[in-house]
Amino acid sequence: MRMSKLFGALTMAATLATSVVPMAANAAVTTVFSPGDLIKGSGQTVYYFGWDGRRYVFPNEKTYFTWYKDFSTVKQIPDTMLQTVPLGRRNVTYRPGVKMVKVTTDPRTYVIDQGGILRHVPSQQMAETLYGIAWKNQIDDLPDAFYADYKVGTALVLSSDFTPADVMTLTTNIAIDKQMDQTAVTVSIGSKENGFVPPSLTVKKGTLVTWTNTDSSLHRIVGNGWQSQDLKYQESYQRVFSTVGSFDYGCGIYPVMNGTINVIE
Amino acid sequence: MKLKQTLHNLALIACMTSALLPMPTGATTLQSGDLIKGPGDAVYYYGEDGKRYVFPNLKTYQTWYNDFTGVKALSLDELQAISLAKNVTYKPGVRMIKVESIPKVYAVAANGTLRWITTEDLAESLYGADWNKKIDDLPDGFFVDYKIGAPIVAVADFAPATESASASTINFNLKLTSTPTTPTDTPTSTTPTEPTTPPTAFDFSVSKTNAMAGEIVTLSASAPSVGAISKIELFIDTTLIKSCNAVTACSSDYQIPPSNTASSYVAKAIVTKLDATTLTDTETLTTVANGTDKVTVRLARTQVKPNQLVGVTIDVNSEIAVGRVDIFVDSQIVGSCANGSHLCQWTGYLTNQTLGTVHEVKGRVTSNYETKYTSFPKYVTVSENDEPSITVSPAKDSIYLGEKLDVTVSASDDDGILSIDVMKDGAVLKHCEGAAPCTVSTGPWNTIGTLTFGGKATDALSKTAENTSSPVSVVAQP
């Protein structure tokens with residue numbers, strides 16, 4: 001009895017974890033995508049592609065809709081490419097300011113500050129000051145299992161400690177929320193079938209590009225006049241692109257693998 | 001029929017439950033390691049730190065427990081009073097994990113570390129013929145509860161049963177306690193028994209029987225009991241190098257003379273019993289060809305963390321016609337170069353990654369004329385992951401009442417920094433992903449006094465450290 005009841009409660013959390021499902025019909029598959037894009041494979045789950053070359057999970061649909069209105073900008077990429085991109089080390093958290101959250105087994109209501117920081121709202125009065133008369137409708141339940149994605153910050157004392165609209169304005173995208181370094185990008189090295197992901201990337205002058213081998217075989221990055229050592233699984237090579245132009249490169253071990261870095265002003 | 005019977009059983013359990021677990025009226029006594037629940041259905045682990053840890057799904061729970069017996073029911077108030085902490089990860093070694101969008105099967109090692117099982121053959125060797133029935137799908141959203149360890153490339157890299165046995169409790173696996181088991185009553189009467197007969201034999205060993213000039217050899221002798229022993233003496237040839245009185249074990253290091261080296265030495269141990277009779281044992285140390293001026297070892301690092309790669313480079317003097325180069329770790333060949341190159345490199349993981357263990361690395365060159373030259377050994381120590389070093393810098397060391405203050409936290413670590421937090425009194429003011437310094441504007445500060453800020457950083461191997469700033473004084477406007 002208790003076993004099955006518990007199963008019910010927990011499965012809800014688990015299902016939520018994989019249920020960011022676009023309703024729109026799938027667009028054509030593309031291999032062109034950049035950091036900051038939303039990506040998906042043939043499956044349903046949508047990810048945020050970060051500057052660190054990782055894909056970030058939206059733990060549930062509510063989290064997704066604090067950042068995006070719909071799924072119209074999601075790019076479908078080949079499954080082999082999606083699999084090559086490693087998962088982020090943290091999940092996407094609520095966009096700060098949009099909603100308040102509450103954990104079912106914790107009586108406190110929190111606002112969300114930049115970086116997934118929960119700040120306790122000490123009174124109903126303050127909740128009303130911040131979120132208006134209908135503040136109760138602005139509270140989402142956060143499943144216990146996603147509480148670990150957040151950190152607890154200082155409690156609010158005055159309503160002026162936190163202005164939802166300001167925080168939202170300051171945090172227009174997930175890269176800002178996570179303080180990602182946007183002067184650096186990472187390309188994943190996949191197997192010889194999967195190639196470099198993304199295969200083509202446009203970056204600003206002065207960007208540091210890191211290639212990380214996610215494949216069990218050795219790979220070597222070879223450009224015009226520069227090359228890496230042989231890279232093992234999880235090893236990286238870095239190069240700063242300081243002149244404008246289009247730079248082709250390949251793998252010195254599997255010539256079938258090719259990629260391009262386009263450098264713009 | 002079956003369903004009906006199940007329902008009947010379940011009803012019975014429910015009744016028993018309510019009978020055995022009356023709603024607590026006062027404080028329920030909780031112990032570290034208890035399973036607890038509130039009026040809802042979710043079960044939590046009550047950790048050593050007094051926080052409750054979440055089982056993100058039933059499968060995670062089932063790697064640790066067979067059923068729900070012993071779960072203590074708390075009132076909502078009681079449950080809410082216990083702070084919520086992070087998620088429990090799979091018990092190591094029990095089952096394998098797969099994430100839907102990653103075509104890799106992982107074994108679970110200690111502390112929520114996922115290790116990629118690189119081939120199907122390995123999975124079968126480790127988990128048996130039905131290995132593919134021992135894989136659970138982990139939802140993407142729980143992947144962040146785990147960290148990634150070294151891939152498994154050989155059967156010897158991972159032993160499911162050992163991993164499982166050594167992760168005895170969730171407290172230990174979450175690193176909330178350093179003791180592997182919950183403390184149990186220790187037997188109080190363990191008085192050592194006097195031997196009725198004096199020992200007739202003892203153990204004597206040397207760390208290596210083939211050694212080069214200049215190398216250090218450890219001699220160790222141990223006898224079964226102290227009661228009947230007066231002393232243990234260790235000799236090289238006829239020279240006494242150590243004498244231990246009234247102990248059961250005696251050991252000493254001996255350096256093979258770097259010059260005027262003999263072709264062999266005799267290591268000897270003599271145990272003298274209380275009745276003045278003695279026992280003797282010997283080992284022969286054979287000196288081997290010295291290639292220390294021709295072959296050298298370079299290590300990328302002399303301290304490695306568990307799951308960190310060891311980089312070894314062997315350089316061979318250009319006057320040797322190299323046939324092959326072998327790289328040894330603890331007397332086992334780990335890598336070889338047979339291409340005649342004067343440079344041979346190996347990068348890999350240590351087999352024994354126990355903290356504190358020291359591993360000997362040597363290079364051996366076999367020339368085209370079959371002469372073997374061996375390098376001086378170098379040593380790699382497995383050490384705990386270094387903590388990130390953290391600097392907390394307030395923009396000013398003194399501010400006026402009502403003024404704001406920028407605080408910057410920067411951190412560095414060999415493994416790279418994953419995230420940085422700016423803290424005040426245990427609360428996070430700002431969280432930054434990545435290694436770039438994290439700055440936040442604080443205040444206005446409206447109380448005269450001093451302020452201290454904190455900084456916290458996590459390195460790429462999930463090691464976290466904290467530091468605090470020097471105090472900033474808040475003074476009245478002039």
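Reader: Before we start on this predicted model, what makes a residue count as exposed?

Author: You count the other C-beta atoms within 10 Å of the residue's own C-beta atom. With 20 or more of them the residue is buried, and in between it is partly exposed. To be exposed, the count has to be 12 or fewer.

Reader: Okay, so in helix 4 of chain B, which residues are exposed on the other side?

Author: Start with the buried residues of that helix, which are B:L122, B:L126 and B:Y127. Seen down the axis of helix 4 of chain B, they fall within an arc of 105°, so they line one face of the helix. On the other side, the exposed residues are B:E120 and B:D121.

Reader: What covers the buried residues of helix 4 of chain B?

Author: Recall that the buried residues here include B:L122 and B:Y127. Parts of chain B lie over them, and the cover includes strand 6 (96–99), strand 7 (105–109) and helix 5 (160–166).

Reader: Let's step back a bit. How many helices and strands are there in chain B?

Author: Chain B has 478 residues, and 32% of them count as buried. Among its contacts with a separation of 6 or more, 64% are between residues 24 or more positions apart. As for the elements, the tally for chain B is six helices and 37 strands.

Reader: There's an open sheet of four strands in chain B; which are its edge strands?

Author: The order is 32-31-35-36, with antiparallel pairing. Neighbouring strands of this sheet are turned by 20° against each other on average, direction ignored. An edge strand here pairs on one side only, which picks out strand 32 (427–433) and strand 36 (464–468) of chain B.

Reader: In strand 32 of chain B, what is the bridge partner of B:V422?

Author: Strand 31 (residues 417–424) of chain B runs antiparallel to strand 32 of chain B, and six bridges join them. Across that pairing, the partner of B:V422 is B:K430.

Reader: Over to chain A: is strand 10 largely enclosed or open?

Author: In a regular strand the side chains alternate between the two faces of the sheet. Here A:A184, A:T186 and A:S188 point one way while A:V185, A:V187 and A:I189 point the other way, and all are buried. Because six of the six residues of strand 10 of chain A are buried, the strand is largely enclosed by the rest of the structure.

Reader: Which residue of strand 13 of chain A is the bridge partner of A:T186?

Author: Strand 10 of chain A pairs with strand 13 (residues 207–213) of chain A in the parallel sense, over six bridges. The partner of A:T186 in strand 13 of chain A is A:T210.

Reader: And which residue takes a positive phi in the hairpin of strand 10 and strand 11 of chain A?

Author: Two bridges join strand 10 of chain A to strand 11 (residues 196–197) of chain A, and the two run antiparallel. A:S188 stands opposite A:V197 there. The hairpin has six residues between the strands, and the one with phi near 70° is A:G195.

Reader: Last one: which element of chain A gives the most to the side that touches chain B?

Author: 48 residues of chain A are in contact with 48 residues of chain B. Elements giving two or more residues to that side of chain A are helix 1 (2–17), helix 3 (79–84) and strand 9 (151–152). By class, the side has 22 nonpolar, 15 polar and eleven charged residues. With ten residues, the one that gives the most is helix 1 of chain A.

Terms used
Residues numbered from 1 in each chain as written. Chains lettered and ligands numbered in written order. Predicted model: local features only at pLDDT ≥ 70, side-chain atom pairs only at ≥ 80, totals over all residues. Pairing = 2+ DSSP bridges. Contact = placed C-beta atoms within 7 Å. Nonpolar A, V, L, I, M, F, W, Y, C, P; charged D, E, K, R; others polar. Arc of directions from axis to C-beta. Axes fitted to C-alpha atoms, helices over the stretch in contact; angles between N-to-C directions.
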